[in-house]
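Me: I have a structure open and want to learn how to read it. Can we go feature by feature?

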Amino acid sequence: MISQKAKYALRALLVLADAGVGESVLISDIAEGQRIPRKFLEQILLDLKHRGLLTSRRGKNGGYALLRAPDDLTVGEIVRIVDGPLAPLPCLSRMAYRRCEDCDGEEACRIRRVFAEAHRANTAVLDGTTLAAMADGDRRLAAEAG
């Protein structure tokens, strides 16, 4: 499961994607529009800024803005930044690989084999889905509903 923090990050980034690269959105507008606690959102956006995804400006036209195009940001990258590795087992992680202490050998591990297949499918979807595609899907769904 992804954390609530990751869900909030994705929702905030979708708002910024809708605004466009370099276009600032006030944190209060994001928090109110997405029903995200402002203090928690401030922490999330600051983390994303430190990781090079966002910029911020003070003043009348201030707020947060995307530094990278939405089609250059994947859901997998965002979730990894916020939540850490996607792998269900430490022996499958690219970012935080650790050999399982109770395993006799990774190649022969039947548990690892099943979770490796699930992990490949999961990461293929998350790494293959951009913020732009996610935002586009939201617009398409809204158009179909309305």
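This is a predicted model: local features need pLDDT of at least 70, side-chain atom pairs count only at pLDDT 80 or more; totals for chains, interfaces and linings use all residues.

Me: Is Cys-91 buried or exposed? And what about Cys-109, buried or exposed?

Reply: Buried means under 20% relative accessible area. Cys-91 has 4% relative accessibility, so Cys-91 counts as buried. Cys-109 has a relative accessible area of 19%, so Cys-109 is buried too.

Me: Where is Arg-35 found?

Reply: In the loop between helix H2 (27–34) and helix H3 (38–50). Arg-35 has a relative accessible area of 68%, so Arg-35 is exposed.

Me: Which residues make the nonpolar surface patch?

Reply: Ile-111, Val-114 and Phe-115 make a patch of about 290 Å². Take Val-114 from that group. Val-114 sits in helix H5, residues 110–128. The cut-off for exposed is over 50%. Val-114 has 55% relative accessible area, so Val-114 is exposed.

Me: How do I find empty space?

Reply: Rolling a probe the size of a water molecule over the atoms shows where empty space is left. Here the largest pocket holds about 160 Å³ of space.

Me: Which residues line the largest pocket?

Reply: Met-1, Ile-2, Val-79, Asp-83, Pro-85, Leu-86, Asn-122 and Leu-126. Helix H4 (75–83) and H5 are the elements that each give two or more residues to this lining.

Technical notes. Residues are numbered from 1 along each chain as its sequence is written. Side-chain values use heavy atoms; hydrogens and water are left out. Patches are made of residues with over 30% relative accessible area and no salt bridge: like charges are joined within 9 Å, nonpolar side chains (Val, Leu, Ile, Met, Phe, Trp, Tyr) within 5 Å. Accessible areas come from the Shrake-Rupley method with a 1.4 Å probe; for residues, only the protein chains shown count as cover. A salt bridge is a side-chain nitrogen of Lys or Arg within 4 Å of a carboxyl oxygen of Asp or Glu. Helices (H or I, at least four residues) and strands (E, at least two) are DSSP runs, numbered from the N terminus. Buried means under 20% relative accessible area, exposed over 50%, partly exposed in between (1.4 Å probe, protein chains only). On a 1 Å grid over the protein atoms alone, a cavity is a set of points where a 1.4 Å probe fits but cannot get out, and a pocket is an open set with protein on both sides within 12 Å along at least five of seven lines; lining residues have an atom within 4 Å of a point. Grid points are joined across faces, edges and corners, and a volume is the space filled by probe spheres set on the points.
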